[in-house]
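User: I'd like to learn how to read a few features in a protein model. Could you take me through them one at a time, general idea and then the case here?

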Amino acid sequence: MNTELSLSILNSCLSIARDKGLQPLSIVILDNRSTIKASISEEGVGTLRFDIALGKASAAIGMGFSTREFYQLVKNGVLPEMFANCINGASDGRFVPLPGGIPIASSNGTVLGAIGISGSSSDNDEYVALKAIEKHKLIARR
């Protein structure tokens, strides 16, 4: 994912969050190699929110599907909680399996990167990410 697209998605997230009246957010966008392409932590966001957003984006790109999907697999007993703990340890703490991390693909299905958002509820974090991806006519890989 190029820097211009990453910054455009990030700015869309900020606009969507402000329109919805959400708390300050941290947003991290990674390319398909897990390199940070764009990030922001708004004034007033908690000091751990950047790390959580990075962990959500890293989990999404690393697993190839959304963090909500992973969360549901653990919640429904398909995957043991220990599996998530092991992955988190193996990734130096960059694995946060809570909703708000989504792989981003082009219209032909090529994975471009991932987004992670933290600062509001996980549902709101995910909502902002999905709307920004949709606005850019990209695919949110769930």
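User: Let's begin with pockets: what volume does the largest pocket have?

Analyst: Rolling a probe the size of a water molecule over the atoms shows where empty space is left. Here the largest pocket has a volume of about 170 Å³. A pocket is an open set of points on a 1 Å grid over the protein atoms alone, where a 1.4 Å probe fits, with protein on both sides within 12 Å along at least five of seven lines. Points are joined across faces, edges and corners, and the volume is the space filled by probe spheres set on them. One thing to keep in mind is that this is a predicted model, where local features need pLDDT of at least 70, side-chain atom pairs count only at pLDDT 80 or more, and totals for chains, interfaces and linings use all residues. Residues are numbered from 1 along each chain as its sequence is written, and side-chain values use heavy atoms, leaving out hydrogens and water.

User: Which residues line the largest pocket?

Analyst: Lining residues have an atom within 4 Å of a point. The list is Phe70, Tyr71, Val74, Lys75, Glu81, Ala84, Asn85, Asn88, Phe95 and Pro97. At least two of the lining residues come from helix H3 (67-75), and at least two from helix H4 (81-90). Helices are DSSP runs of H or I with at least four residues, strands are E runs of at least two, and both are numbered from the N terminus. By class, the lining has 6 nonpolar, 2 polar and 2 charged residues. Ala, Val, Leu, Ile, Met, Phe, Trp, Tyr, Cys and Pro count as nonpolar, Asp, Glu, Lys and Arg as charged, and the others, Gly among them, as polar.

User: How many aromatic pairs does the structure hold?

Analyst: A pair of aromatic rings is described by the distance of the centres and the angle of the planes. The structure holds 2 such pairs. Rings of Phe, Tyr and Trp (its six-membered ring) pair if their centres lie within 6.5 Å; planes under 30 degrees apart are stacked, over 60 edge-to-face, and the rest tilted. Phenylalanine 70 and phenylalanine 83 are stacked, at 6.0 Å centre to centre with 25° between the planes. Because phenylalanine 70 lies in helix H3 and phenylalanine 83 in helix H4, this pair ties together parts 13 residues apart in sequence. Phenylalanine 70 and phenylalanine 95 are edge-to-face, at 5.1 Å and 85°. Phenylalanine 95 sits in the loop between H4 and strand E3 (101-105), so that pair links parts 25 residues apart in sequence. Together, Phe70, Phe83 and Phe95 form one aromatic cluster.

User: Is phenylalanine 70 buried or exposed?

Analyst: Phenylalanine 70 is buried, with a relative accessible area of 2%. Buried means under 20%, exposed over 50%, and partly exposed in between (1.4 Å probe, protein chains only). Phenylalanine 83 is partly exposed at 35%.

User: Which residue has a positive phi of about 70° although it is not a glycine?

Analyst: Most residues other than glycine have a negative phi. Serine 34 has that positive value, and it is found in the loop between strand E1 (26-31) and strand E2 (36-41). Lysine 137 also has a positive phi, near 55°. Lysine 137 lies in the loop between helix H5 (122-135) and strand E5 (139-140) and is exposed at 70% relative accessible area.
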